[in-house]
Amino acid sequence: MIIDLRSDTVTQPTPGMKEAMFAAEVGDDVFGEDPAVKKLEKKCASLLGMEAAVFCPSGTMTNQIGIKILTQPYDEVICYKGSHIYKYEGGGLGGNSNIGTKLLQGDRGRISIDEIAPVIGNINDVHQARTSTIALENTVVREAGSYYKIDQIKIISEFSRTKGIHMHMDGARLFNALTETKENPSDFGKYFDTISICLSKGLGAPVGSVLVCKKDLELKARRIRKVFGGAMRQAGYLAAAGIYALDNNIARLKEDHQRARTLGKTLESLAWVKSVMPVDTNIVIFEVVNGLTAEKCVTTLGEHSIKSLAFSAAEIRLVTHLDFTDAMLDKTITVLKKLSFT
Ligand SMILES: *Cc1c(COP(=O)(O)O)cnc(C)c1O
């Protein structure tokens, strides 16, 4: 039994999902003729209380398109300093959009008005870059899946509107956040111009992300998707997996969170673990004690058939998901408790 906790992207499609994929009605989506893609896009837009949606191959692409259609070259985007758009998208903000960034610390990645307001560029001062967009990540992957409450988002969004600043959400794991807050996804649309959601993380689809947006941004988004090489043909086979994931795999996310919390508690009790970040959703990040490295720990876990990810020199990440069962949880706990590095 191999236990893969590196990421929630490692899941295999279930038999039910594969059946839905094989049964998909497809067409050439570049001509706008794929019924399954259209169905997925409509479903996502209505789910998030927005008007339009564009299906893309990856969450990196949906983020990069979102930011590009909201900004002009030389603008700045405000975001958390460890955010995926800044840290894990290969420098795309500079390369794709020719923009700069104002990076904020946030409270475990959740940025607030108190931090945002002072760094907004003065539009009347030619020395300063124009702040055109605020990007929020929800959940925050670098901070062990911390999440925003919608009230925090509302405050930022209302403030941004008064300044003429756009709002983007990297909602790769938005449904993990909503599992905890019990908030309604359709309440989110009104606070953003663009929202990116991933179908291939906790939701368990093999491929795909969706950029949900305002109607007047849709054509622009489709144009940039084409430019980026992300316009696909009979993509309905993938969209069908996404529809299946939305229908079947949201309610079960709470199981992933429960298992992640159990892992977190176990880790807290171990002598070779220095600290564990609070486990808010499905991501566990812990630091090993001085003298031990993340690399050494990852290798040792690997020898016990447990795959994990070194997140920094002394930090390790474990992510729970659809294919991580209770039997695997039991085995992981047994291994963790048995390990000793002295
Ligand atoms: C995974 C992830 C993405 C998108 O990644 P892709 O691998 O390109 O689909 C975006 N934002 C966050 C926070 C993520 O964790």
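Analyst: Y74 counts as exposed because its relative accessible area is 74%. On this scale, buried means under 20% relative accessible area, exposed over 50%, and partly exposed in between, with a 1.4 Å probe and protein chains only. This is a predicted model, in which local features need pLDDT of at least 70 and side-chain atom pairs count only at pLDDT 80 or more, while totals for chains, interfaces and linings use all residues. Residues are numbered from 1 along each chain as its sequence is written, and side-chain values use heavy atoms, with hydrogens and water left out.

Y74 belongs to the loop between α3 and β3, the strand of residues 76-80. Helices (H or I, at least four residues) and strands (E, at least two) are DSSP runs, numbered from the N terminus. The backbone at Y74 has a phi near 80°, which is a positive value in a residue other than glycine.

K182 sits in the loop that runs between α8 (174-181) and β7 (194-198). K182 is exposed, because its relative accessible area is 70%.

Another backbone feature is a peptide bond. The bond from N138 to T139 is cis, with omega near 0°. T139 is placed in the loop between β5 (131-137) and α7 (150-162).

Helix α7 also holds S157. S157 counts as buried because its relative accessibility is 2%. From S157 to D193 the chain runs 36 residues, and the C-alpha atoms of the two are separated by 9.9 Å.

G109 is also buried, because its relative accessibility is 2%. G109 lies in a loop, the one between β4 (100-104) and α6 (113-116).

N290 is exposed, because its relative accessibility is 66%. Its loop connects β10 (283-288) to α12 (294-303). N290 and K274 are 16 residues apart in sequence, and 7.9 Å separates them from C-alpha to C-alpha. Their side chains are joined by a polar contact of 3.2 Å. Such a contact is a pair of N or O atoms within 3.5 Å; within protein, one must be able to donate a hydrogen and the other to accept it, and residues adjacent in sequence count only if both atoms are side-chain atoms.

K338 lies in helix α13, which covers residues 326-338. K338 is exposed because its relative accessibility is 58%. K338 and L270 are 68 residues apart in sequence, with their C-alpha atoms 9.6 Å apart in space.

The last topic is the ligand. The ligand is surrounded by S58, G59, T60, N63, H84, E137, V141, D170, A172, R173, C198 and K201. A residue is near a molecule if one of its heavy atoms lies within 4 Å of it. The shell divides into three nonpolar, five polar and four charged residues. Here Ala, Val, Leu, Ile, Met, Phe, Trp, Tyr, Cys and Pro count as nonpolar, Asp, Glu, Lys and Arg as charged, and the others, Gly among them, as polar.

An N or O atom in the side chain of T60 is 2.6 Å from a ligand oxygen. For G59, a backbone N or O atom lies 2.8 Å from an oxygen atom of the ligand. In R173, an N or O atom of the side chain is 2.8 Å from a ligand oxygen. Of the 390 Å² of accessible area that the ligand has on its own, the protein covers 83%. These areas come from the Shrake-Rupley method with a 1.4 Å probe; for residues, only the protein chains shown count as cover.
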